[in-house]
Amino acid sequence: PLTYNFGAASCSMCPVGTYGNADITPSEVWIERNNPIGANIFPPPLTGSSRLRVRYSINTTDTQEDQGFVARYSPHGNSGPTIYNTGTITSEFGQVSDGPLGQWYPDNANMEWIIAPPGASQVLLFFESFDMEDGWDFVYVDSCVDVTCASSSPINGPRFSGTFLQNPLFVSDTGVMRIRLTSDGSFVRPGFQAIFGRAADCTETNQLLSGDRYGLIRRAPTTVGQCEWTIAGFEATQLDLRFLQTDPGAQAGVLSIEEISSSSCMPCPPNSDSSPDGSTCICRTGYSGPDGGPCAQCESGTYKDAPGSGACEACPPHTYNFGAASCSMCPVGTYGNADITPSEVWIERNNPIGANIFPPPLTGSSRLRVRYSINSTSAQEDQGFVAVYSPHDGPSALEFYNTGTITSEF
């Protein structure tokens, strides 16, 4: 355990930045390397260990007929959350439906969902079930320029009704997608349930997917060469892998799926390194998180001076930093106030606030820092915020009762 080789006279410890897991069973290949798959010939749903490797290679330079594949991974027996409420969806992966299983969409419906994961350059949608009143009730799928969808274009056709003989894949290359359902005043059907999300595309020779429990992998059409994904579900004991679409063309694509054994070394997640015994990965100094990741940088005013899963601690009085492995004395010409309590973050950096969701009134030291960032290039719906600051033990503001001109700034 915790060592590897590739058919030699001895075994070696995994190199720095990787780890080996003794709990993984010996490697098993479900689909042989040299067994090409054809259009719509789906590998069976697979359940394996918490670490799977998927390899796909194209054996010909002629890729005109090769449409690649899309597959979903998730913890065993748990396909992920399903969203029924209309509105904007910012999750990177999930399922969307017009209602719970067995509940049909209503008459005179006009329902809309906008899928806009932050920072996404592409969004995929795949209908697992689709049953609308043919010719009367419709689903529209559009690619939008931004979350307002003021400018949009249809994907795969203007609208869809009835059922699909073969479920198509919908792709928005803008990172924003809109789904809209309309119905007339009589007769309804079960509606739809679909999988959506960002996909780990074939952009690198070896991609480590370790941050999310659920996700999609995709080999886009006409991608030449070999693609490889290592799926490391640190929070799951087993993973399910299911292919949603596959069309590698005429005997062109070769697909291999295997459990990763202790004879293989896995790359460590970002901001982590190998543990001393090589059994897992631990967070670097200046980063905090569980063994195996993910590891987040310490907040401003805190530090962590040793690798491992320990928490970041507040900097001592008269010192400062911006999320690092140590704290520094204030530079010449500045000072630190020992009467100020250790830094406290009332609203976490990555905890967005919504419209009319107010943080509570805050009382802090004589020095506060307020930061606000917008995570999207589209800020048309962002109206910002207004806040008042004043001394804690004094009046909240000057009060004027007499009519006339007021020249005070506040």
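Is Arg 189 buried, partly exposed or exposed, and what is its relative accessible area? Arg 189 is partly exposed, with a relative accessible area of 33%, where buried means under 20% relative accessible area, exposed means over 50%, and partly exposed lies in between (1.4 Å probe, protein chains only). The structure is a predicted model, in which local features need pLDDT of at least 70 and side-chain atom pairs count only at pLDDT 80 or more, while totals for chains, interfaces and linings use all residues. Residues are numbered from 1 along each chain as its sequence is written, and side-chain values use heavy atoms, with hydrogens and water left out.

## The protein as a whole

The secondary structure comes to 0 helices and 31 strands; helices (H or I, at least four residues) and strands (E, at least two) are DSSP runs, numbered from the N terminus. Of the 410 residues in the protein, 40% are buried. If one takes the contacts (heavy atoms within 4.5 Å) between residues at least 6 apart in sequence, 68% of them join residues at least 24 apart. The accessible surface comes to about 23300 Å², of which 51% belongs to carbon and sulfur atoms, and such areas come from the Shrake-Rupley method with a 1.4 Å probe, only the protein chains shown counting as cover for residues.

## Salt bridges

Side chains of opposite charge can pair when their charged atoms come close. A salt bridge is a side-chain nitrogen of Lys or Arg within 4 Å of a carboxyl oxygen of Asp or Glu, and the structure holds 6 of them. The table sets out some of these pairs.

| Glu 128 | Arg 242 | 1.9 Å |

Asp 131 is buried, with a relative accessible area of 19%.

## Nonpolar cores

In soluble globular proteins, nonpolar side chains tend to be buried together. A nonpolar core is here a set of buried Ala, Val, Leu, Ile, Met, Phe, Trp, Tyr and Cys residues joined through side-chain atoms within 4.5 Å. The largest such core has 25 residues, and those that touch the most other members are Val 96, Leu 125, Phe 127, Val 139, Phe 170, Leu 181 and Phe 192. Strands β10 (110–115), β11 (123–131), β12 (138–144), β15 (177–182) and β16 (191–197) each supply at least two residues of this core, and the largest share, 4 residues, comes from β11. With its neighbours within four places in sequence left aside, Leu 125 is in contact with a set of residues including Val 96, Ile 115, Val 141, Phe 170, Ile 179 and Ala 194. Apart from this core lies another, of 19 residues, among them Leu 52, Phe 69, Cys 202 and Phe 243.

## Aromatic rings

Rings of Phe, Tyr and Trp (its six-membered ring) pair if their centres lie within 6.5 Å, and planes under 30 degrees apart count as stacked, over 60 as edge-to-face and the rest as tilted. By this rule there are 12 aromatic pairs. The rings of Phe 93 and Tyr 214 have centres 6.0 Å apart and planes at 5 degrees, so this pair is stacked. Phe 93 lies in strand β9 (residues 93–97) and Tyr 214 in the loop between β18 (207–209) and β19 (215–219), so the pair ties together parts that are 121 residues apart in sequence. Both Phe 93 and Tyr 214 are buried. The rings of Phe 138 and Tyr 140, by contrast, have centres 6.5 Å apart and planes at 50 degrees, so their pair is tilted; Phe 138 and Tyr 140 are both buried.

A charge sits over a ring if NZ of Lys or CZ of Arg is within 6 Å of the ring centre and within 35 degrees of the ring normal. Arg 159 lies over the face of Phe 138, at 3.8 Å from the ring centre, and Arg 180 lies over the face of Tyr 140, at 4.3 Å from the ring centre.
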